[in-house]
Amino acid sequence: MQGMKLIGFKENKTIKMQKERANGKKNPFNEASWQSSNRISLDLTYLFDTPGDSSSITLKDIEDIAPQVIKAHKMLKKDQGDICDDGIPMTGWQTLPEEITPTHLEEIQSAAQSLGSQIDAFVSLGIGGSYLGIEATWRALTHTYFNQLSRNERGNAPEIYFLGQNMDPDYLRDTLDMLQGKIVGINVISKSGTTTETAIAFRILRNVLEKNWGHAAKDLIYVTTDATRGALKNLSKEKGYKTFPIPDNIGGRFSILTDVGLFGLAIANIDIKEFAAGFKYMRNITMVDDFWKNPSLLHAAARHAAWLKGKKIEIVATNSVPLYGVARWMEQLFPESEGHSGHGMWVSPSLYSEKLHANGQMVQQGERNILETFIMLQEHDNTVTIPHDKDNIDGLNYLVKKGQDINSINRKVIEGPAYAHYLGDVPNMIIEIPRRNAFSLGEIYYMMEISVAISGYLLGHNPFIQPGVEDYKKAMFALLDKPGFEKKGKEIKDKISKMKNIKI
Ligand code: PA5
């Protein structure tokens with residue numbers, strides 16, 4: 001039997017765009033009409049007055065919060081309030097879209113071009129803010145099976161892998177298997193330079209690279225870390241690795257537009273100038289204090305009103321497999337910034353329809369403590385038509401109308417649940433993304449960054465620190481008997497031995 005051929009399908013448009021990017025084709029992202037046709041929007045239709053809910057969110061709730069939101073926004077713009085980490089105001093990401101220069105972006109592109117053209121596979125090592133945005137953006141803008149495509153189909157980019165975000169030896173080993181026989185370049189990203197998961201993966205990979213290429217391995221290793229301090233900075237000086245600095249005044253989860261994100265994205269041949277333009281476009285939109293015209297302010301007010309009304313879980317659901325990573329990025333941005341002093345909403349990233357058949361029953365009829373935010377992709381890269389069937393035994397011929405394809409049907413995967421869940425007393429809002437492009441990604445990231453910063457002011461605490469994350473890191477160091485943590489390790493082990501150790 002011969003292998004299957006895709007009879008009746010045109011070229012995959014995602015692959016086409018990957019190839020076109022490699023040939024220098026660009027979206028006209030500086031043109032006003034292109035920008036406005038790629039503007040993301042926020043729809044609050046289903047937020048208010050959920051019908052059977054005595055604590056539903058009303059328009060008045062939002063109007064009442066508006067003055068606090070505007071005040072917070074004014075403070076944020078002036079770098080005022082509880083925003084420092086170690087004495088440094090952590091709001092450098094705010095003005096970054098206008099400070100980042102074309103020259104800098106070109107330098108990053110040329111460094112990426114220089115490494116990318118020498119290697120078969122690229123590994124990005126990092127965790128949390130040093131990882132999630134890169135993977136989210138890469139997945140959002142590339143083919144689902146990127147690494148299985150030919151180099152030409154990938155738009156001349158190397159294969160892309162991620163390590164250092166967990167310590168599962170099977171995942172690590174399986175990834176190493178994928179690198180076998182290939183020329184591998186790596187970018188290790190860690191602001192502190194001490195995060196255990198990333199540091200271990202880096203040591204293992206560095207060791208393999210050095211065994212293969214000796215001293216020349218240094219040309220395949222790029223380090224993104226603090227500009228002056230830390231173990232990674234010192235190691236880079238010692239070994240002669242090329243480094244990219246992470247600005248002091250930008251924390252991990254706000255760092256996707258810094259070299260943290262830009263280098264990996266440029267390796268994947270994503271247009272980082274277009275990406276930066278999306279940030280800048282949303283910055284201009286969100287600079288205004290006019291509450292009803294500013295999506296970040298409205299978004300922050302809606303979420304805060306929901307939280308005050310007892311909504312403790314935010315489902316962030318998308319109808320786009322490639323955009324699922326954006327929901328995962330939000331899963332970090334919001335809880336890591338809001339989860340202080342017993343406050344904050346748990347963010348649950350979800351892919352619809354899949355999750356509707358897992359937790360849809362709970363969303364519709366379970367405990368009414370849920371807010372839902374949809375990330376709705378309007379126009380997928382590809383259109384797949386449903387074929388007409390003369391027997392129609394499956395009853396699907398009603399969908400085979402002119403112009404009806406899975407692209408348009410998949411919008412109903414958001415529109416249907418938005419309405420049904422509203423009737424089930426789950427207030428929700430829809431963020432519409434016109435298309436999968438770097439510009440839209442820049443827009444949504446910046447919109448969310450402003451929103452979560454405002455949320456910090458509304459909740460009354462600093463959204464730019466994460467002492468809770470530090471606690472787990474220290475507990476791990478202690479349990480691993482890291483030098484300097486022996487006393488704490490003994491204390492923890494003693495405490496655990498006195499707990500009700502029930503194990504069957
Ligand atoms: O947002 C944050 O600050 C964190 O998620 C960090 O990015 C994460 O803990 C990784 O830290 P580092 O870059 O120091 O390895």
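Start with the second largest pocket, which holds about 1,100 Å³ of space. Here a pocket is an open set of points on a 1 Å grid over the protein atoms alone, with protein on both sides within 12 Å along at least five of seven lines, and a lining residue has an atom within 4 Å of a point. Volumes are the space filled by probe spheres set on the points, with grid points joined across faces, edges and corners. Before you click further: this is a predicted model, where local features need pLDDT of at least 70 and side-chain atom pairs count only at pLDDT 80 or more, while totals for chains, interfaces and linings use all residues. Residues are numbered from 1 along each chain as its sequence is written, and side-chain values use heavy atoms, with hydrogens and water left out.

Now select N12, D381, N382, T383 and V384: of the 34 residues lining this second largest pocket, these are the closest to its centre. Colour α1 (13-22) and α15 (406-423) too, the elements that give two or more residues to the lining. Helices are DSSP runs of H or I with at least four residues, strands are runs of E with at least two, and both are numbered from the N terminus. The lining of the second largest pocket splits into 11 nonpolar, 15 polar and eight charged residues. In that count, Ala, Val, Leu, Ile, Met, Phe, Trp, Tyr, Cys and Pro are nonpolar, Asp, Glu, Lys and Arg are charged, and the others, Gly among them, are polar. Domain 1 (15-78 + 277-459) and domain 2 (92-270) each put at least three residues into this lining; the domain bounds come from an automatic or database domain assignment.

Look for F9 in the segment before α1.

Next, go to the largest pocket, about 1,300 Å³ in volume. Its lining has 43 residues, and S192, G252, Q466, E470 and K473 are the closest to the centre. Show α13 (324-338) and α17 (467-479), which each supply at least two lining residues. α17 gives the most, with eight. By class, the lining of the largest pocket has 13 nonpolar, 16 polar and 14 charged residues.

A cavity is a set of points where a 1.4 Å probe fits but cannot get out.

For the largest cavity, about 60 Å³, select A300, R303, H304, W307, E338, G344, M345, S455 and L459. Four of its lining residues come from α12, the largest share. The lining divides into four nonpolar, three polar and two charged residues.

Finish with two backbone stops. The peptide bond from Y352 to S353 is cis, with omega near 15°, and S353 sits in the loop between β10 (346-351) and α14 (360-365). Then jump to N269, in the loop between α10 (259-267) and α11 (272-286): N269 is not a glycine, yet has a positive phi of about 70°.
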